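Here is a short briefing to read alongside the model.

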Amino acid sequence: MTTTGLFVSLEGGDGAGKSTQAAMLRDWLEEAGREVVLTREPGGTELGRLLRDAVLHGDHVDPRTEALLYATDRAHHVASLVRPALERGAVVVTDRYLDSSVAYQGSGRDLGADEVEALSMWATQGLLPALTVLLDLDPVVGRSRLTGDLDRLESAGDEFHARTRQAFLDRAAADEDRWLVLDATAPADQLAAAIRGRVAGLLTGASA
Ligand code: TYD
């Protein structure tokens, strides 16, 4: 089997089932003998967990500060965890990545998709996933799936979340090679099979 690493991100609204799919993908890859690093943004590292707490549960922060906090988390995540794992040949599966910033801060907070993308590209030295899976879900349905107190982003309101969803869909439509868009209301097993299909193709391609 190939020793080339593979970078996969899962995107979508809250309650879309990203962490379930990330775990199912990890189990399948591990059974096939791959090293898998399952991680998340924000909060995939020790510093990231501090930043996550600040951005989701701290006092109000203005949109630019919010964008910079996510970008800081991402820069450290990529430098300290994602790149080293890819370099030793692991499959890295991240629950959210740069496209969340473009959708939430760029469109949701209205900072502008291009500027927010450029910030994250600088932060990560241009690292993009080979595959980004969008679990698309009506945000009203997503919210009804959430339990516990809502964090700052989850409580941002219906229009914010509608803009965010549309931004993900537009971004996916503009780059079909990188994206796989799935209807998150489909059964988990069906979603997992579709994701496995795309990942299997990439692993075969990488070893060719
Ligand atoms: P997440 O960890 O998916 O939430 P939870 O653990 O509550 O399911 O993400 C936390 C929130 O952060 C989510 O509402 C989306 C938001 N977010 C951004 O606004 N920008 C970003 O760049 C990222 C990575 C997340």
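A residue counts as buried when its relative accessible area is under 20%, and as exposed when that area is over 50%. By that cut-off Arg96 is buried, because its relative accessible area is 11%. Please keep in mind that this is a predicted model.

**The largest pocket**

- Rolling a probe the size of a water molecule over the atoms shows where empty space is left.
- The largest pocket holds about 460 Å³ of space.
- Its lining is made up of 24 residues, and Asp14, Lys18, Arg52, Asp95 and Arg96 are the closest to its centre.
- Four helices each supply at least two residues of this lining: H1, H2 (46-57), H3 (63-87) and H4 (98-108).
- Which helix gives the most to the lining of the largest pocket? H4 does, with four residues.
- Sorted by class, the lining of the largest pocket has ten charged, eight nonpolar and six polar residues.

**The cavity**

- How many cavities of 30 Å³ or more does a search of the whole structure find? The search finds one.
- The volume of the largest cavity is about 190 Å³.
- Of the 19 residues that line the largest cavity, Gly13, Asp14, Tyr104, Pro139 and His161 lie nearest its centre.
- Strand E4 (131-136), helix H6 (139-145) and helix H7 (158-173) are the elements that give two or more residues to the lining of the largest cavity.
- H7 makes the biggest contribution there, giving five residues, the most of any element.
- The lining of the largest cavity divides into eight nonpolar, six charged and five polar residues.

- Strand E3 (residues 91-95) is mostly covered, with five of its five residues buried.
- Val91, Val93 and Asp95 point one way from E3, while Val92 and Thr94 point the other way.
- E3 pairs with strand E1 (residues 6-12) in the parallel sense, over five bridges.
- E3 also pairs with strand E2 (residues 36-40) in the parallel sense, over five bridges.

**Asp95, a residue to look at**

- Is Asp95 buried or exposed? Asp95 counts as buried, because its relative accessibility is 16%.
- Leu10 stands opposite Asp95 in E3, and Arg40 stands opposite Asp95 as well.
- Asp95 and Ser19 are 76 residues apart in sequence, yet their C-alpha atoms are 6.4 Å apart in space.

**Helix H1**

- The 14 residues of H1 (residues 18-31) should span 20 Å at 1.5 Å a residue, and the end C-alpha atoms are 20 Å apart, which agrees.
- Its buried residues are Lys18, Gln21, Ala22, Leu25 and Leu29.
- An α-helix has 3.6 residues a turn, so residues three or four places apart point the same way.
- Gly33 follows H1 and has a positive phi, near 90°.

**Backbone angles to check**

- Most residues other than glycine have a negative phi, and most peptide bonds are trans.
- Arg96 has a positive phi, near 85°, in a residue other than glycine.
- Arg96 is found in the loop between E3 and H4.
- Asp110 is a residue other than glycine with a positive phi, near 70°.
- Asp110 lies in the loop between H4 and helix H5 (113-123), and it counts as exposed because its relative accessibility is 63%.
- Where is Pro42 found? Pro42 is in the loop between E2 and H2.
- Glu41 and Pro42 are joined by a cis peptide bond, with omega about -10°.

Note on methods. Residues numbered from 1 in each chain as written. Predicted model: local features only at pLDDT ≥ 70, side-chain atom pairs only at ≥ 80, totals over all residues. Heavy atoms only, no water. Expected span 1.5 Å × (residues − 1). Buried < 20%, exposed > 50% of the residue type's maximum accessible area, 1.4 Å probe, protein only. 1 Å grid on protein atoms, 1.4 Å probe; cavity = no way out; pocket = protein on both sides within 12 Å on 5 of 7 lines; lining within 4 Å. Points joined across faces, edges and corners; volume = space filled by probe spheres on them. Nonpolar A, V, L, I, M, F, W, Y, C, P; charged D, E, K, R; others polar. Pairing = 2+ DSSP bridges.
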